[in-house]
Amino acid sequence: MHHNKQSVVFHFDHTGHSRTNAKLVRIQLTSEFTKVDFGYNARDLYIKGGWIRMAPDTFIEIVETGQRYPLQLADNIPIAPVQHYFESQKDWRYYSLFFPPIPQQDCSINIIEVENGLFRDFNYYGVKLRMEEGMEILE
């Protein structure tokens with residue numbers, strides 16, 4: 001009999017569809033939420049490192065089913081139109097996005113900030129979640 005684990009964590013070092021995207025660091029699946037953690041380094045493309053923000057319509061999509069889970073909460077990153085401006089090219093920021101719980105089963109997900117977005121939008125395609133590769137967290 002298969003049962004859901006209380007919390008499963010997956011570790012990544014995955015960049016989105018552009019070198020200017022944040023690094024996908026970790027995904028945590030629980031029965032209450034899905035948490036996606038990112039790390040972002042300010043870029044040398046901009047004098048003071050530029051800015052970041054998250055689009056309010058960001059979502060996770062299960063590739064196999066097309067089911068979408070909308071962004072519920074953003075921690076340590078503002079929601080557009082508000083932006084966080086960096087002070088230098090050496091600044092960095094970790095941030096987390098919270099979504100409704102997705103099923104704790106093998107799947108691939110897309111994390112989409114802007115559908116059919118530009119290079120600067122934080123989109124991640126085909127992120128594989130394999131339950132045997134996750135780490136169960138006992139709380």
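Which residue forms a salt bridge with Glu115, and how far apart are the closest N and O atoms?

Reply: Glu115 forms a salt bridge with Arg68, and the closest N and O atoms are 2.7 Å apart. A salt bridge here is a side-chain nitrogen of Lys or Arg within 4 Å of a carboxyl oxygen of Asp or Glu. Glu115 lies in the loop between β10 (107-112) and β11 (124-129), while Arg68 belongs to strand β6 (residues 68-70), so the pair ties together parts that are 47 residues apart in sequence. Strands (E, at least two residues) and helices (H or I, at least four) are DSSP runs, numbered from the N terminus.

This is a predicted model, in which local features need pLDDT of at least 70 and side-chain atom pairs count only at pLDDT 80 or more, whereas totals for chains, interfaces and linings use all residues. Residues are numbered from 1 along each chain as its sequence is written, and side-chain values use heavy atoms, with hydrogens and water left out.

Glu115 is partly exposed, with a relative accessible area of 46%, and Arg68 is also partly exposed, at 37%. Buried means under 20% relative accessible area, exposed means over 50%, and partly exposed lies in between (1.4 Å probe, protein chains only).

The structure holds five salt bridges. Arg26, Lys35 and Asp37 are linked in a network of such bridges. Asp37 meets Arg26 at 2.8 Å, N to O. Asp37 lies in strand β3 (residues 34-41) and Arg26 in strand β2 (residues 23-30), so this pair ties together parts that are 11 residues apart in sequence. The salt bridge between the side chains of Asp37 and Lys35 has an N to O distance of 3.8 Å. Asp37 is buried, with a relative accessible area of 5%, whereas Arg26 is partly exposed, at 31%.

Ser96 is found in strand β9 (residues 92-99) and counts as buried, at 9% relative accessibility. Leaving aside neighbours within four places in sequence, Ser96 is in contact (heavy atoms within 4.5 Å) with residues including Lys35, Asp37 and Leu73.

As for the setting, the chain has zero helices and 12 strands, and buried residues make up 45% of its 139 residues.
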